[in-house]
Number of protein chains: 2
Amino acid sequence: MNSRQQPKLSERVERLQPSAIREILAVIDRPGMISFAGGLPSADSFPDLSGMDLPREALQYGPSEGEPALRAQIAAELNAIGLRCTAEQVLVLSGSQQGIDLVAKLFIDPGTTVAVEEPTYLAALQVFRFFGARLAPLRPRQALAGLDAEAPPALAYAIPSFQNPTGHCYDAAERDALARACELLGVPLFEDDPYRDLAYDACERTPVCARLEHAPWIYQGSFSKTLAPGLRLGYLVASPDLMPLLVRLKQAADLHSNRVSQHVVLAQLRSPDRAERMRRVVDAYRRKRDFFAAALQRHFGDLARWQTPPGGLFFWLDLLAPIDTRALLPEAIERGVAFMPGELFFAGDVPAHGTMRLNFSHADEAGIERGLAVLAELVRSRIGHPVADMAEA
Amino acid sequence: MNSRQQPKLSERVERLQPSAIREILAVIDRPGMISFAGGLPSADSFPDLSGMDLPREALQYGPSEGEPALRAQIAAELNAIGLRCTAEQVLVLSGSQQGIDLVAKLFIDPGTTVAVEEPTYLAALQVFRFFGARLAPLRPRQALAGLDAEAPPALAYAIPSFQNPTGHCYDAAERDALARACELLGVPLFEDDPYRDLAYDACERTPVCARLEHAPWIYQGSFSKTLAPGLRLGYLVASPDLMPLLVRLKQAADLHSNRVSQHVVLAQLRSPDRAERMRRVVDAYRRKRDFFAAALQRHFGDLARWQTPPGGLFFWLDLLAPIDTRALLPEAIERGVAFMPGELFFAGDVPAHGTMRLNFSHADEAGIERGLAVLAELVRSRIGHPVADMAEA
């Protein structure tokens, strides 16, 4: 082996943490793995794309903003749910993770304050940290959303509908409170809304951005949960002041989004079967959620508390004992079960919190039953040990 | 209209220039536009993807690194051209523009020195500048490639085969000189190689990275030029020390690359028709290049000098008069012809250089004839004016 010379890397690379998501995406394909880890849609929900017809122009370079017809379709659908915008405000993304990268580039220097829910989407935390953000808590149930009025953050990031990881859906009062805080303090709002169409119970889902008159905003959505993640397609829509900058950032990141996927997604959005297909998907997920809730009751009834989520893809478990669930993960994977330790979703230094995020959409019923039995057994075995032992694990 | 509150943006956004590429991608779809601007492959070169069969797993989330079978295929092909690597060193990208973004994140802080050829790919310049790089000249024909041995750059970026924009292909001595400089000074080499398979005349094409023993390196390639840009798929391969960081950066940028495209590309790479298809593509481009050279002689014979490129997609024109060709562009587009002003490809402050980059692969023969006639007429009309007038244009 050669000894490689040591390169001088950027300072931000020191803040580049190993990604739990990446580790988990790497193991979920193992045969027999029961995954409660990723936000993986059920393969049964995917549209049938066999024999798909591709126009030749989809193979050429295209505009950075995205296909005009797809942008128009997205704008029309957003207006229908109360978010006023034009097609010119829509930017098609290579998945909504890309939106997080672009918005971080737009707002974050080392030391910039970003307000985030506690807990929140861990890959957003990673990107914000990577660009050097100082993370502050966003608390929509407090006055001014818990934001520091003296030194307001440069950006507030929120997932108001079926929050990741908690599954919580902001009610109208919480949506109003967050919007009012952003307006009063002039804080740009970055609203991430990948789960909105996966609603199993009635709840308020009008975007918080629709309530903003003066604060700059970015709203983003995804086709990963309603169509297929492998297409890697999402979009953002932003207040007109931010759009020219976001388009340039998109062009610098990857020129433009995949045109084949844009073509497929537009055809699916326009398909006459779309409403019926979504109804079937939502019904199937609702049944899955209810089955998961019952299985949780059987296995975790004496070990944890949880709320049945009104939408989205996750249960959030509060264990009665404050076990560091990160220490459980290797053993769980060893036994063929993947999950997300709750600690990863918190911004600050985290003591043992005793929380877990469990996806209910991917595994089948037998897998859910077996997987939860394994996890409950692991938790039970840990509770037998004193906390001091666990800290060393 | 509402008055939007002024957000506090990141410092790097001040370095975010409007992109000439983006502007041009936005106009090339206009009916009747003759484009010499982008590096657009001919639509005739695209494979037939109609009735394509898609495996269901291509719709689910996948690994950040890319599909294992595609990574193995890429590694095997790179070993065959002399670049020793394993499949584990291959990272599939959402187009090779993404590689530039990831490598910039890895190396560049404000003030970091990056050595680049003069001229070089303008979207690489934009990304390097955006992250705050100080750009220094890379001159493979000079001792130590023109690099400052006292304060070597943190990264050297080069396009040795059919360089963009000049079309130059480094000979063996230039490749050796660049490799030696990187080894002696410990400078990581970022070799961008999207055009290597578009070779019309015999020339040395072994990657410069294959000559490195100790310096860290990143080599990247693209499927945009040999298959189809709309698939947005490229790859990088890196020395083992850099891979874990690049994979994390990829995951943070967009989780993973489009699986549908990865499936399509792998099928094309394994197709029994592949060699024959590439031979047809290269033959067609060679004929196009030769037609373009003859048309240039007719229209620009008394206006410019150029080398016929041995590969790639571009002619690089040195006008005999030092016209600022940026000032010609709006009028050219007005008259239905797009091209790239040469000034955009230079790192420093640029006086009127009198250079143009002309793509020969996209327009048909009638378009080439008509487009070059329009451009020559515009150049001729400018030469009539004194230089002082032009500076004001």
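Through which surface do the copies, chain A and chain B, meet? They meet through the same surface, because 99% of the interface residues of chain A are also interface residues in chain B. Keep in mind as you explore that this is a predicted model.

**How the two chains are related**

Chain A can be laid over chain B by a rotation of 180 degrees, with 0.0 Å of shift along the axis and an RMSD of 0.0 Å. That is the relation of a two-fold axis.

**Two interfaces, side by side**

| Interface | Buried area | Share from carbon and sulfur atoms |
|---|---|---|
| chain A and chain B | about 7700 Å² | 55% |
| domain 1 of chain A and domain 2 of chain A | about 2800 Å² | 62% |

**Between the chains**

In this interface, 94 residues of chain A are in contact with 93 residues of chain B. Two salt bridges are found across it. A:D101 forms a salt bridge with B:K105, with the closest N and O atoms 2.6 Å apart. Between chain A and chain B there are also 42 residue pairs in polar contact, counted with both residues at pLDDT 80 or more.

Several helices of chain A each supply at least two residues to the side that touches chain B, among them helix 3 (96–107), helix 5 (172–185) and helix 6 (243–254). Helix 6 of chain A gives the most to this side, with eight residues. By class, the side of chain A that touches chain B has 46 nonpolar, 27 polar and 21 charged residues.

**Between the domains of chain A**

Now for the contact within chain A: domain 1 and domain 2 bring 33 residues each. One salt bridge is found across this interface. A:D201 forms a salt bridge with A:R289, the closest N and O atoms being 2.8 Å apart. The polar contacts between the two domains of chain A come to 13 residue pairs, again with both residues at pLDDT 80 or more.

On the side of domain 1 of chain A that touches domain 2, helix 1, helix 8 (274–300) and strand 10 (314–319) each supply at least two residues. Helix 8 of chain A gives the most there, with seven residues. That side of domain 1 of chain A is made up of 21 nonpolar, six polar and six charged residues.

Key: Residues are numbered from 1 along each chain as its sequence is written. Chains are lettered from A and ligands numbered from 1 in the order in which they are written. This is a predicted model: local features need pLDDT of at least 70, side-chain atom pairs count only at pLDDT 80 or more; totals for chains, interfaces and linings use all residues. Side-chain values use heavy atoms; hydrogens and water are left out. Copies are superposed by least squares on the C-alpha atoms of residues with pLDDT of at least 70 in both. Contact means heavy atoms within 4.5 Å. Buried area is the accessible area (1.4 Å probe) that two parts lose on being put together, summed over both. A salt bridge is a side-chain nitrogen of Lys or Arg within 4 Å of a carboxyl oxygen of Asp or Glu. A polar contact is a pair of N or O atoms within 3.5 Å; within protein, one must be able to donate a hydrogen and the other to accept it, and residues adjacent in sequence count only if both atoms are side-chain atoms. Helices (H or I, at least four residues) and strands (E, at least two) are DSSP runs, numbered from the N terminus. Ala, Val, Leu, Ile, Met, Phe, Trp, Tyr, Cys and Pro count as nonpolar, Asp, Glu, Lys and Arg as charged, and the others, Gly among them, as polar.
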